[in-house]
Amino acid sequence: MQLLEEIDGFLKTFGDGMLKDRISYSLTRDRYDSIYYKKLNMKKIGRFLSAEKSNKYVYFHFENYDLKVEARGDGVFKFSWTDGPKLPVENIEFDDLQLHDNTVSVGNYSISLDENGLYLKDQDGKLIYQGYIPDFNEVLSQSLRIFGDDLFSGLGEKAGPINLRGHVYRLWNHDAKGSYGPDSDPLYLNIPVLLHLHDDVSYLIFFENAGDATVDIGFSREDKVTFYFKSKPMVYYVITGDIKSIYSKFSEITGKPYRPPYWAFGFQQSRYSYMSSAEVRSIVDRFNELGIPLSAIYLDIDYMDEFKVFTFNSDRFWDVKDLTKYLGERGVRLITIMEPNVKMEPGYTIYDEAVKNGYFIKYPDGNIFYAPVWPLMAAFPDFSRNDVREWWGKKYDFMKKNGVSGFWHDMNEPAIFVAWGDNSMALSAAQSNGSHSEVHNLFGYYMDKAAYDHLSKTERPFILSRSGWAGISRYAWIWTGDTETSWKEMKQNLLTILHMSASGISLTGCDIGGFVGSPDAELFIRWLQSAIFYPLFRVHSNKKSKRREPWEFGEKYLGIIRDIIKLRHSFLPQIYSEAISSSITGIPMIRPVYWYSSNPDMLLVDDEYLFGDSILVAPIFSEHSTSRIVKLPPGLWYNLYSDEKVFGEIKVEAPLNMIPIYIRSGSIIARDEGKLILHVFHSEEGESAKIYIDAGGEDSELDISVSKDGKINIHRGSSIKAVTIKFHGVYVKGITINGNTKYIEDNLFEIEEGVNELQLIFQ
Ligand code: GLC
């Protein structure tokens, strides 16, 4: 089977004119790897000998290793068995541990040890986590106990079901070679992080490891999860608490999402490729004429001169500065694709500078690593180095000078066009932080960091990346790559995004309509609807796909498409506010229903999602369907369109122009309806919110609370003037400010600047 796939892949390469390069690279790689790539050869752990407290931490001494245990009273534990390459995680402070009879205690938790492994328990003795003693030889393996009806999610970008249990996954950033569907594995972004829910408790395990790994989640053995790592280190964290707090704590270790610019949440139109400035102008004009909001448009690889990064093709894009000015006047930004592969071409500045300064990744014998990608033979900067990142980051100034506003980092697994074997870099290629085999999964992460660190000196950057590692949202957004166009895959995207959330990634999205294929109007509309609250709201498609601009589906559907995009834009203040709050708390924005309900029935709800705490989206995922069942987490919810209050399990009608969306009672949602309106969804207990409002690149904070008896307190940053409020779910007759009563209509009123307190008069 494997061989057949290899032959098939090999034959496919005949057509692309780079067969010679592919073969020559594959041969070179195999030769180097056979000389320099060495498998691990680790000593067994041996018997447990003793426990010892040293400073704040505890050592469990084994015959051949000393396990260092560090912990925090709020449920963060770190277990270090070996050293290894230095990876980008923060050094957090740990608490002072107590040790009695081989049992460590901290806060309300204890960790004990026997021949079967380590047990983490809470103060009632409830077992949260059991990790077996790892096994070391050619691989480092660590097993965890499965208790019963457990749920697993995470591992980065996984095209698996809502519960990953019963499957085996590989953690190796990988170009899906142009198209993939459900169950395809591995994909572009992998992280050894897994959320485990069982018996009303949850924990997250995160391994500091960026090499090749496999995870067997109860596939070979029903009662065990096993991680197998081909490289060091074996260092992992176990984080427990309620789910949201787990992600806050996790983000202290891997970094919090950055603060993106407001415009990045608007509608983005892309295609492989818009071929000239004239074409881009005419598309933007059409959006304008038709009154469809457009935030950004993309240039794919054909804008470059012979696929050379940091160049423009002067025949087709000779007037980029004028183009970006033209777009800017219409409120549209230009985003360009950026490649990590640098064409091997003496005389090409980027190439020459990198050769001269030794910036490219090399084989261990000092020869530059070359491999074919779009520009044929290319070399790859060693982004793990500070000096290389600084050099690369400054190159974005050239793009900025041309008016480019955002950057799309593709092929950064890195993807390589091979004749056979793994379609990435040679395992033996040497990077500053380790051999490629040890740090492969960090290649894209460091490319994103290079751009982010430079761009963020002067602005809030927009960087969209295909690959990444733990904590990638501190530098970039992630989309799910080259998905096929199908109803199944549309739904798979939601699940993949939920696994990314479970991996701590907040800024996510997908190619709306799928990358490969041509959706009909129904599928395209349902796909747009399903993505209505995905942080990234971008249409993108392959060269051979039919055109997919909103008007391409015909007059009959144009209105529906325009309304969906307008609906998205009306929610931008809320989406932006949630993104800022995510950058403060570290909690990802898109969330599965099970975060909000301990009811076992809700655990496997795989066709709904929450945006923040307050908005629930239940998209239509089946063809020709115009109704569905919605399962709501506990509490009262408002139907967005009718204000009807609903709870529990309901059936909803959803003709093609309708996306079932529900708002949690007690929440306050910010929308742009020509002016900013705060929508208050009444609850018996009152309502409150903290909203971050974009004030020209700065954030202004607005705190508002409404008590049970209708007293409103509002505090806002100085840039926020009058605020308009709309009440839902209760009739508000009037308002009293400083003893003066005013009657209102439509539950709508304004709180003027300087007013911090008022009283509602209910019916
Ligand atoms: C890759 C990307 C895709 C892009 C294409 C051409 O397949 O994933 O989005 O359009 O390359 O650059």
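Q: Hi! I've just opened this one. What relative accessibility does Arg330 have?

A: Arg330 comes out at 30% relative accessibility, which counts as partly exposed. On that scale, buried means under 20% relative accessible area, exposed means over 50%, and partly exposed is in between, using a 1.4 Å probe and protein chains only.

Q: Before I go on, what kind of model is this?

A: This is a predicted model, where local features need pLDDT of at least 70, side-chain atom pairs count only at pLDDT 80 or more, and totals for chains, interfaces and linings use all residues. Residues are numbered from 1 along each chain as its sequence is written, and side-chain values use heavy atoms, with hydrogens and water left out.

Q: Back to Arg330. Which side chain does it meet in a salt bridge?

A: That would be Asp285, with an N to O distance of 4.0 Å. A salt bridge here is a side-chain nitrogen of Lys or Arg within 4 Å of a carboxyl oxygen of Asp or Glu.

Q: And why does the pair tie together separate parts of the sequence?

A: Asp285 lies in helix H4 (residues 277–290), while Arg330 is in the loop between helix H5 (320–329) and strand E21 (333–338), so the pair ties together parts that are 45 residues apart in sequence. Helices (H or I, at least four residues) and strands (E, at least two) are DSSP runs, numbered from the N terminus. Asp285 is partly exposed too, with a relative accessible area of 24%.

Q: How many salt bridges does the structure hold?

A: It holds 44. One of them joins the side chains of Asp607 and Arg628, at 3.2 Å from N to O. Asp607 is in the loop between E33 and E34, Arg628 is in strand E36 (residues 627–631), and they are 21 residues apart.

Q: Is Arg628 buried or exposed?

A: Arg628 is buried, with a relative accessible area of 10%. Asp607, at 24% relative accessibility, counts as partly exposed.

Q: What about Lys675, what does it form a salt bridge with?

A: With Glu750, the closest N and O atoms being 3.9 Å apart. Lys675 is in the loop between strand E41 (668–672) and strand E42 (676–681), and Glu750 is in strand E49 (residues 748–751), which puts them 75 residues apart. Both are partly exposed: Lys675 has a relative accessible area of 42%, and Glu750 has 33%.

Q: How many bridges join E34 to E35?

A: Three bridges link E34 (residues 609–611) and E35 (residues 615–617). Phe611 has Ile615 in E35 as its bridge partner.

Q: And what's the order in the sheet with E43?

A: That open sheet of six strands runs E43-E44-E45-E50-E47-E48, with antiparallel pairing. E43 and strand E48 (740–743) stand at its edges. The twist averages 25 degrees from one strand to the next.

Q: How many bridges pair E47 with E50?

A: Four, between E47 (residues 732–737) and E50 (residues 757–762). In E50, Ile761 is the bridge partner of Gly734.

Q: Last topic, rings! How many aromatic pairs are there?

A: There are 59 aromatic pairs in the structure. In one of them, the rings of Phe524 and Phe553 have centres 4.5 Å apart and planes at 10 degrees, so this pair is stacked. Rings of Phe, Tyr and Trp (its six-membered ring) pair if their centres lie within 6.5 Å; planes under 30 degrees apart count as stacked, over 60 as edge-to-face and the rest as tilted. Both Phe524 and Phe553 are buried.

Q: Which ring does the charged end of Lys68 sit over?

A: The ring of Tyr57, at 4.2 Å from its centre. The cut-off is NZ of Lys or CZ of Arg within 6 Å of the ring centre and within 35 degrees of the ring normal. Arg671 likewise lies over the face of Phe571, 4.1 Å from the ring centre.

Key: Two strands pair if DSSP finds at least two bridges between them. Axes are lines fitted to C-alpha atoms, for helices over the stretch in contact, and angles run from 0 to 180 degrees between N-to-C directions.
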